[in-house]
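Welcome, and thank you for joining this tour. Please open your viewer and get ready to select residues as we go.

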Amino acid sequence: RSPRPVAAGVTRFTAEAVADAMTRWAGRMGSPGPTTPEPEIIAAWAEAQGIGQVVTAHAPVGPAASALDRLETTLKDRGIALVRVLRDYDRAAWPHATHGFFRFKEAIPELLDSL
(Lines give C-alpha, C1' and ligand atoms only; values in the text may rest on other atoms or scores of the structure.)
Protein backbone atom coordinates (compact mmCIF):
# COMPACT_ATOMS: atom_id res chain seq x y z
CA ARG A 1 0.00 0.00 0.00
CA SER A 2 1.16 3.47 -0.76
CA PRO A 3 2.30 5.47 2.26
CA ARG A 4 -0.01 8.24 1.07
CA PRO A 5 -3.50 8.52 2.56
CA VAL A 6 -6.31 6.56 0.94
CA ALA A 7 -10.07 6.98 1.00
CA ALA A 8 -12.02 5.52 3.92
CA GLY A 9 -13.73 3.13 1.51
CA VAL A 10 -10.36 1.72 0.45
CA THR A 11 -9.32 1.17 4.06
CA ARG A 12 -12.67 -0.45 4.88
CA PHE A 13 -12.54 -2.70 1.77
CA THR A 14 -9.02 -3.86 2.66
CA ALA A 15 -9.95 -4.63 6.27
CA GLU A 16 -13.06 -6.53 5.19
CA ALA A 17 -11.13 -8.48 2.54
CA VAL A 18 -8.54 -9.56 5.12
CA ALA A 19 -11.26 -10.52 7.62
CA ASP A 20 -13.08 -12.52 4.93
CA ALA A 21 -9.92 -14.39 3.94
CA MET A 22 -9.10 -15.14 7.58
CA THR A 23 -12.61 -16.50 8.13
CA ARG A 24 -12.53 -18.65 4.98
CA TRP A 25 -9.11 -20.12 5.77
CA ALA A 26 -9.46 -20.44 9.56
CA GLY A 27 -10.06 -24.19 9.40
CA ARG A 28 -6.89 -24.78 7.42
CA MET A 29 -4.57 -22.12 8.77
CA GLY A 30 -5.23 -22.20 12.50
CA SER A 31 -5.09 -19.16 14.71
CA PRO A 32 -4.56 -15.98 12.69
CA GLY A 33 -1.71 -13.62 13.35
CA PRO A 34 -1.83 -9.85 13.56
CA THR A 35 -3.07 -7.90 10.56
CA THR A 36 -1.12 -4.76 11.41
CA PRO A 37 1.76 -3.62 9.22
CA GLU A 38 3.81 -2.80 12.36
CA PRO A 39 6.95 -4.97 12.29
CA GLU A 40 7.37 -4.97 16.07
CA ILE A 41 3.86 -6.32 16.65
CA ILE A 42 4.30 -9.03 14.00
CA ALA A 43 7.70 -10.03 15.39
CA ALA A 44 6.44 -10.14 18.98
CA TRP A 45 3.51 -12.33 17.92
CA ALA A 46 5.77 -14.69 15.94
CA GLU A 47 8.18 -14.98 18.85
CA ALA A 48 5.34 -15.67 21.32
CA GLN A 49 4.07 -18.43 19.02
CA GLY A 50 7.53 -20.02 18.79
CA ILE A 51 7.66 -19.36 15.05
CA GLY A 52 11.11 -19.59 13.52
CA GLN A 53 10.22 -18.57 9.99
CA VAL A 54 7.68 -16.21 8.41
CA VAL A 55 6.84 -16.75 4.74
CA THR A 56 5.44 -14.04 2.49
CA ALA A 57 5.07 -13.23 -1.17
CA HIS A 58 7.99 -11.40 -2.74
CA ALA A 59 7.53 -7.68 -3.32
CA PRO A 60 10.38 -6.47 -5.54
CA VAL A 61 9.89 -2.70 -5.21
CA GLY A 62 7.68 -0.06 -3.65
CA PRO A 63 6.07 0.44 -0.25
CA ALA A 64 5.43 -3.28 0.26
CA ALA A 65 9.10 -4.10 -0.39
CA SER A 66 10.16 -1.37 2.05
CA ALA A 67 7.76 -2.71 4.69
CA LEU A 68 9.13 -6.24 4.22
CA ASP A 69 12.68 -4.92 4.59
CA ARG A 70 11.73 -3.38 7.95
CA LEU A 71 9.95 -6.58 8.99
CA GLU A 72 12.94 -8.70 8.01
CA THR A 73 15.26 -6.62 10.20
CA THR A 74 12.88 -6.74 13.15
CA LEU A 75 12.35 -10.50 12.83
CA LYS A 76 16.08 -11.14 12.43
CA ASP A 77 16.74 -9.29 15.70
CA ARG A 78 14.54 -11.96 17.35
CA GLY A 79 16.15 -14.88 15.52
CA ILE A 80 13.25 -15.33 13.10
CA ALA A 81 13.80 -15.72 9.36
CA LEU A 82 11.70 -13.97 6.73
CA VAL A 83 11.34 -15.96 3.50
CA ARG A 84 10.05 -14.11 0.44
CA VAL A 85 8.59 -16.47 -2.15
CA LEU A 86 8.91 -15.48 -5.80
CA ARG A 87 6.60 -17.60 -7.93
CA ASP A 88 7.95 -18.96 -11.22
CA TYR A 89 5.47 -16.98 -13.30
CA ASP A 90 6.34 -13.77 -11.44
CA ARG A 91 10.03 -14.46 -12.09
CA ALA A 92 9.26 -14.94 -15.79
CA ALA A 93 7.06 -11.83 -16.03
CA TRP A 94 9.13 -9.39 -13.97
CA PRO A 95 11.79 -8.66 -16.64
CA HIS A 96 9.01 -7.56 -19.03
CA ALA A 97 7.48 -5.09 -16.56
CA THR A 98 9.69 -2.12 -17.37
CA HIS A 99 7.65 0.44 -19.33
CA GLY A 100 3.99 0.10 -18.44
CA PHE A 101 1.23 -2.27 -19.44
CA PHE A 102 1.26 -1.96 -23.20
CA ARG A 103 4.87 -3.12 -23.60
CA PHE A 104 4.18 -5.83 -21.02
CA LYS A 105 1.08 -6.88 -22.97
CA GLU A 106 3.30 -7.81 -25.92
CA ALA A 107 5.04 -10.44 -23.77
CA ILE A 108 1.84 -12.03 -22.45
CA PRO A 109 1.47 -14.70 -25.19
CA GLU A 110 5.07 -15.85 -24.61
CA LEU A 111 4.54 -15.89 -20.85
CA LEU A 112 1.34 -17.92 -21.16
CA ASP A 113 3.07 -20.40 -23.47
CA SER A 114 5.85 -20.83 -20.91
CA LEU A 115 3.33 -21.71 -18.20
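## First stop: a buried leucine

Select Leu-111: this residue is buried, with a relative accessible area of 11% (buried means under 20% relative accessible area, exposed over 50%, and partly exposed in between, using a 1.4 Å probe and protein chains only). Before going on, note that this is a predicted model, where local features need pLDDT of at least 70 and side-chain atom pairs count only at pLDDT 80 or more, while totals for chains, interfaces and linings use all residues. Residues are numbered from 1 along each chain as its sequence is written, and side-chain values use heavy atoms, with hydrogens and water left out.

Now show the helix around Leu-111: it is H5, residues 101-114. (Helices are DSSP runs of H or I with at least four residues, strands are runs of E with at least two, and both are numbered from the N terminus.) Which residues is Leu-111 in contact with, leaving aside its neighbours within four places in sequence? Select Ala-92, Ala-93, His-96 and Phe-104 to see them; contact means heavy atoms within 4.5 Å. Then find His-99, which is twelve residues from Leu-111 in sequence and 17 Å away in space, C-alpha to C-alpha.

## Second stop: helix H3

Move to Thr-74, found in helix H3 (residues 62-77). Is Thr-74 buried or exposed? It counts as buried, at 14% relative accessibility. Not counting residues up to four places away in sequence, Thr-74 touches Pro-39, Glu-40 and Ala-43.

How many salt bridges does the structure hold? There are seven, a salt bridge being a side-chain nitrogen of Lys or Arg within 4 Å of a carboxyl oxygen of Asp or Glu.

Start with Asp-20 and Arg-24, whose closest N and O atoms are 2.7 Å apart. Both sit in helix H1 (residues 8-29), four residues apart, about one turn of the helix. Asp-20 is partly exposed at 36%, whereas Arg-24 is exposed at 64%.

Next, select Arg-84, which is partly exposed at 22% relative accessibility. Arg-84 forms a salt bridge with Asp-69, with the closest N and O atoms 2.9 Å apart. Arg-84 lies in strand S2 (residues 81-85) and Asp-69 in helix H3, so this pair ties together parts that are 15 residues apart in sequence. The side chain of Arg-84 also meets that of Glu-72 in a salt bridge (3.0 Å, N to O). Glu-72 lies in helix H3 too, so this pair ties together parts twelve residues apart in sequence.
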